Amino acid sequence: MLENSPPAPARVLIVGGGTAGWMTAAWLAHVWAAHGTRVTLIESDTIGIVGVGEGSTPKMRRFFQALGIADHAWMPQCNATYKCGIRFPHWSTRAGYESYYHPFFTQSDNDSVRAFHHNVSLRQQNVDVTANPDWFFLSNWVAKKRCAPLPDPRSGYAVDYAYHFDARLIGEFLRTWATARGVTHIVDTVTSVQQHENGDIAGVSTPKNGVLSADYFIDCTGFANVLAGKTLGVPFLSYRPWLFNDRAVALPTPLEDPNSLPSETVSGALKYGWAWKIPLTNRYGNGYVYASDFLDEAAAERELRAHLKLPDENVAARHLKMRVGRLARTWERNCVAIGLAQGFIEPLEATALMLVQDTIEQFIAAWAAPGEIQDQRAGFNQKVNLIYDSIRDYIFMHYKLNSRDDTPYWVAARENAHASDSVRQVLAIWDEGGDLLAEIRRQQGQMAYSPTSWFCILAGMGRFPRKPRRATGKHQAVDPNAARKQCLELLRYFPDHRLSVNALAHGASA
Ligand SMILES: Cc1cc2nc3c(=O)[nH]c(=O)nc-3n(C[C@H](O)[C@H](O)[C@H](O)COP(=O)(O)OP(=O)(O)OC[C@H]3O[C@@H](n4cnc5c(N)ncnc54)[C@H](O)[C@@H]3O)c2cc1C
């Protein structure tokens, strides 16, 4: 902290012990313990956690790195696996684009990015060349071959990666880690909230522990939103006009082969939404995210069971309601909402825990800035809101670009005119074959996703002029088979995924 920055709060009370609560507790204890901050977390034993949320982005890797927790120290305890990216089958019906893969990028991908962009720009000029990102990115082949994204250092190659994990076990792991570093853990239910005369939160009342007071409060109460929403009355802004899905049904299934483990999430389109398939070391997590305006619970469960070939009623399904949108202000008075209490964008790109991390980072940065802490609030809220809305835009694009006609849901999603100005601009420039890279760079700072992610989704869904003309020698397209061959040659540096996670369980470090 700078000399003229405010002192860290003396007492912080986190209400809620889901993944968001424990990530926040671990991080604050790590960063603020040296400043004497006392961190307490209270969670209810009668109100459960949401218990889903098994996919992440590479930001999660930075989370564990920042806390000094190696992969082998936590992954085996959380049945965790490596994630190279996300595959999106059945969103598009266009030939050659029925499925595409959204990889995590690294510097090592620069050549592939150039080759991909080159073919994309030819295809935009209506030349018949391959422009599906799958052909160009090594990460796609690493995932396809069920390898771990941990190349032999001798390859000189680096790939970024994320994780899949059991949502309950990761909370338990972080609880043990955080309490060992001084976080006080209380199991009780908040029944009412006290406020000072000026409206700040003073404390929370509980049946077993009386009133618990603090200087700062973190609302991690999930969709219940006890502090920021119900007590401070911060308005909730729904994303319903952009994103129709408001329900999910989840079901576990066994792995097909205990000796082989996928290293990707599959997010495949179904009739009224999409289904995730997430490999853990001991099972798959599956779920169907859908819109209740188009489908009821029973029909959704039937469709998911049929999709999974799992008619067995003995495996219970979990039905979940989703509040999709965000608070108008994440930080209000002496309270910051983090996790589902703060907002939720449907889990298509597994961004929720990334937003948790972003919010904690911004909050800590605000205390490190010079001046009065209340002067940091507006800027903090603006940054968080921008990240939320820009992720919403990227998720919206999946629906806008779909080319399915099998149900009114997909037609309505495609015809949804409720696009932000940013999305409209991206689509307009793409469709006229303009300089999208320049446009995305122009919008930089307002976009959560990289230019290559935008290119991947637009090209991966096959949004190109129809009836392309044959490529000739003058077009100098990149031969997709050559690009693939180059990737496949590099695969010899990547270990088998199952063997890699087994080795972690025996203490090997990644
Ligand atoms: C269908 C679905 C799929 C998802 N998939 C992903 C994914 O792939 N990747 C991803 O990053 N995220 C995903 N998420 C989001 C992810 O599950 C959450 O962001 C994450 O679990 C954090 O939840 P949370 O801690 O905010 O809330 P919760 O897990 O709901 O925890 C709330 C906590 O608040 C406590 N609480 C509530 N009221 C009180 C009270 N009055 N007194 C005391 N305690 C109280 C509860 O006891 C609980 O401990 C998904 C969410 C859904 C719905």
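Analyst: What follows goes from the domains to the sheets and then to the helix pairs. Keep in mind that this is a predicted model.

Start with the domains. The chain is divided into three parts. Domain 1 is built from 11-54, 166-239 and 324-390. Domain 2 takes 103-160 and 420-493, and domain 3 is the stretch 247-321. The centres of domain 2 and domain 3, taken over C-alpha atoms, are separated by 29 Å. Where these two domains touch, four residues come from domain 2 and seven residues from domain 3.

Now the sheets. Strands of a sheet pair through backbone hydrogen bonds, either parallel or antiparallel. Which strands stand at the edges? Look at the β18 end. There, β14 (residues 247-253) pairs with β18 in the antiparallel sense, over four bridges. R247 stands opposite K321 of β18.

A second open sheet has three strands, ordered β13-β19-β22. Its pairing is antiparallel. The edges are β13 (236-238) and β22 (343-344); each has a single partner strand, so one side of each lacks a neighbour in the sheet. Three bridges join β13 to β19 (residues 325-327), again in the antiparallel sense. Find F236: it stands opposite L327 in β19. A helix packs on this sheet too. Helix α10 (residues 377-400) touches β19 and β22. The direction of α10 makes about 175 degrees with that of β19.

Follow α10 to its helix partner. Two packed helices are described by the angle between their axes and the distance between the axes. The axes of α10 and α14 (residues 451-460) come within 10 Å and cross at roughly 15 degrees. The two helices are therefore roughly parallel to each other. Their crossing is left-handed. On α10 the contact uses D393, Y394, M397 and H398; on α14 it uses S453, W454, I457 and L458. By class, that gives five nonpolar, two polar and one charged residues.

Next, α1 (residues 19-32) and α9 (residues 352-368). Their axes also come within 10 Å, and they cross at roughly 30 degrees. That makes α1 roughly parallel to α9, because angles under 35 degrees count as roughly parallel. This crossing is right-handed. The α1 side of the contact includes M23, W27 and W32, and the α9 side includes L353, F363 and W367. The contact residues divide into 12 nonpolar, three polar and one charged.

The crossing of α2 and α6 is left-handed. M60, F63, F64 and L67 of α2 meet I170, F173, L174 and W177 of α6. What classes of residue make up this contact? Eight are nonpolar, with no polar and no charged residues.

How values were computed: Residues are numbered from 1 along each chain as its sequence is written. This is a predicted model: local features need pLDDT of at least 70, side-chain atom pairs count only at pLDDT 80 or more; totals for chains, interfaces and linings use all residues. Side-chain values use heavy atoms; hydrogens and water are left out. Axes are lines fitted to C-alpha atoms, for helices over the stretch in contact, and angles run from 0 to 180 degrees between N-to-C directions. Angles under 35 degrees count as roughly parallel, over 145 as roughly antiparallel, 65 to 115 as roughly perpendicular and the rest as oblique. A crossing is left-handed if the near helix is turned anticlockwise from the far one by less than a right angle, and right-handed if clockwise. Contact means heavy atoms within 4.5 Å. Ala, Val, Leu, Ile, Met, Phe, Trp, Tyr, Cys and Pro count as nonpolar, Asp, Glu, Lys and Arg as charged, and the others, Gly among them, as polar. Two strands pair if DSSP finds at least two bridges between them. Domain bounds come from an automatic or database domain assignment.
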